[in-house]
Amino acid sequence: MPLTNETDVVSQIEQILRSFARTGIVLTDLRRQGVSYAQESLSWDAKAQTLTSIMHWALRQGPKPNLPPPKLLRLELAR
């Protein structure tokens, strides 16, 4: 979910929780996506690689790194 302001985030969380309750969704896929994202993007190795690319760019020793916003996890609702 995009981070905007507190009111929007609370509203979005409420909508997600209501959809969980309404559809009886199994959270296995969402958990798997979260673990995968954490391993790929939030590990010490991933952070070190990102910081190294930023430092190389800042020192004009490499190209500007492509730093996309955090990945949004896709919630597949059971229909």
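Confidence in this predicted model, expressed as pLDDT (the predictor's confidence in each residue, from 0 to 100), is lowest in helix α2 (residues 28-41), at a mean of 82, and highest in helix α3 (residues 44-58), at 93. The chain as a whole averages a pLDDT of 80, and 80% of the residues score at least 70. Where pLDDT is low, the predicted coordinates should not be read in detail. Because the model is predicted, local features need pLDDT of at least 70 and side-chain atom pairs count only at pLDDT 80 or more, whereas totals for chains, interfaces and linings use all residues. Residues are numbered from 1 along each chain as its sequence is written, and side-chain values use heavy atoms, with hydrogens and water left out.

The secondary structure consists of 3 helices and 0 strands, in the order α-α-α from the N terminus. Helices (H or I, at least four residues) and strands (E, at least two) are DSSP runs, numbered from the N terminus. Of the 79 residues, 11% count as buried, where buried means under 20% relative accessible area, exposed over 50%, and partly exposed in between (1.4 Å probe, protein chains only). The accessible surface comes to about 6,900 Å², of which 59% belongs to carbon and sulfur atoms; accessible areas come from the Shrake-Rupley method with a 1.4 Å probe, and for residues only the protein chains shown count as cover.

An α-helix has 3.6 residues a turn, so residues three or four places apart point the same way. Glutamate 14 is partly exposed, at 39% relative accessible area, while arginine 18 is exposed, at 52%.

In helix α3, the end C-alpha atoms are 21 Å apart, in agreement with the 21 Å that 15 residues should span at 1.5 Å a residue; the expected span is 1.5 Å times one less than the number of residues. Leucine 51 and methionine 55 are both found in this helix. Together with Leu59, these residues form a nonpolar surface patch with about 310 Å² of accessible area. Patches are made of residues with over 30% relative accessible area and no salt bridge, like charges being joined within 9 Å and nonpolar side chains (Val, Leu, Ile, Met, Phe, Trp, Tyr) within 5 Å. Leucine 51 is partly exposed, at 47% relative accessibility, as is methionine 55, at 45%. The C-alpha atoms of methionine 55 and proline 65, residues 10 apart in sequence, are 9.6 Å apart in space.

Arginine 60 belongs to the segment after α3. Although not a glycine, arginine 60 has a positive phi of about 55 degrees. Arginine 60 is exposed, with a relative accessible area of 79%.

Key:
Salt bridge = Lys/Arg side-chain N within 4 Å of Asp/Glu carboxyl O.
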